[in-house]
Every structure is written in C-alpha cells, then in structure tokens.
Amino acid sequence: MTVRRPVAWIVAIVLFAEALGVVALNWFLGIVVDRQDMSLAGLDPDMMSVSSKIGGVVFGLYFALCGLVALLVALRDRRPAGLGRVLLISAAVVHGLLGAFSWGLVGWSAFLFMLLVLGLIVLLLMTYDGGETPAAGPAGPVEDGKGGDGSPVSPPPAPTAP
C-alpha cells in the first residue's frame, strides 16, 4: 500500500487553504488598522495597513507556490527536485517556527495544527526519498559471490605499486 500520492494531495490542499487563510487574515488585520485613528509609536496607520496587506499577499503566494509543488508531486508521482524540494523544506521550517510562536501567542490548538502541517510536509518529503530505482542493469539473487547478471558482487582488488 502506498501513501505517497494521497499525502501529496492532502499537503497540496492544506497549503492552498492555508494560503487563502493567511491572505484573508492579514487583509482583515489591515482593514482593522486602517479604520483606527491611532498610531503605534508614531507609525503611519495607512502604512501599517498597506504593509499588512502586502505581507499577507506575499506570504499567501509563498504558501500557494509550495502547494503547487505538492500538487505537481501528486500529479506526477515523482519526488520534488531542485527548487521545489527547497520550497517544501523551507515550508516545513516555517511551520516549525510558526508552531513555536503560536504556542505562546495563540494557544495549543494552533500549535497542533502547525505541527500537523509540518508532519505532513515531512512525510511527503520522506515518502518520496530513496524510492528511485537504480540505473544499473537487472539485479537478481546473489549466489556464490556473483550478482544476478554473473558479475562479481565486490570489485576486484586494485593493483598496488611496487
């Protein structure tokens, strides 16, 4: 039984939903700051509102890009490579950090959600790791020190110089 593709689908769906949630939350916070007539340590409320909205959109696009990588992994049933792998690893690190911060700021339920997403991303990365088939010829059972194709199991000893 293979769980690789379902895990990739779940990670993609969760990351897309999280991207929408981050954008919506930061947009809402930007509107709240915009409607207040106060400044925080002399900062311009309009600038804080705009920066909250921009930060939410950028962070949402980051999660959406990570979700796109997970979606491509699910569709192709191949492990992520290159930039996609780096993006998924960075998303795992971000979820670990967000989990640590959310424990103190939001509560244990947000902490558990972040750890769940972290676990799913790590599971996605680990299930596709090492599943590649070797590029060498056909391998068979080893008998009498010989491989399935008749070649010796260990290489011959290297010559020594006098």
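So, what volume does the largest pocket have? About 320 Å³. Before I go on, keep in mind that this is a predicted model.

Let's stay with that pocket for a minute. Its lining is made up of 14 residues, and the ones closest to the centre are Val22, Leu25, Phe59, Leu98 and Met114. If you sort the lining by class, you get 10 nonpolar residues, three polar ones and one charged one.

Where does the lining come from? Three helices each put in at least two residues: H1, which runs 4-35, H3, at 83-105, and H4, at 108-127. Of the helices, which gives the most to this lining? That's H1, with five residues.

Okay, on to the surface. There's a nonpolar patch out there, formed by Trp9, Phe16, Leu65, Leu68, Leu72 and Leu75. Taken together, those residues have about 490 Å² of accessible area. H1 turns up again here: along with helix H2, residues 45-76, H1 supplies at least two residues of the patch. This time, though, H2 is the one that gives the most, with four residues.

You'll find leucine 75 in helix H2.

Conventions:
Residues are numbered from 1 along each chain as its sequence is written. This is a predicted model: local features need pLDDT of at least 70, side-chain atom pairs count only at pLDDT 80 or more; totals for chains, interfaces and linings use all residues. Side-chain values use heavy atoms; hydrogens and water are left out. On a 1 Å grid over the protein atoms alone, a cavity is a set of points where a 1.4 Å probe fits but cannot get out, and a pocket is an open set with protein on both sides within 12 Å along at least five of seven lines; lining residues have an atom within 4 Å of a point. Grid points are joined across faces, edges and corners, and a volume is the space filled by probe spheres set on the points. Ala, Val, Leu, Ile, Met, Phe, Trp, Tyr, Cys and Pro count as nonpolar, Asp, Glu, Lys and Arg as charged, and the others, Gly among them, as polar. Patches are made of residues with over 30% relative accessible area and no salt bridge: like charges are joined within 9 Å, nonpolar side chains (Val, Leu, Ile, Met, Phe, Trp, Tyr) within 5 Å. Accessible areas come from the Shrake-Rupley method with a 1.4 Å probe; for residues, only the protein chains shown count as cover. A salt bridge is a side-chain nitrogen of Lys or Arg within 4 Å of a carboxyl oxygen of Asp or Glu.
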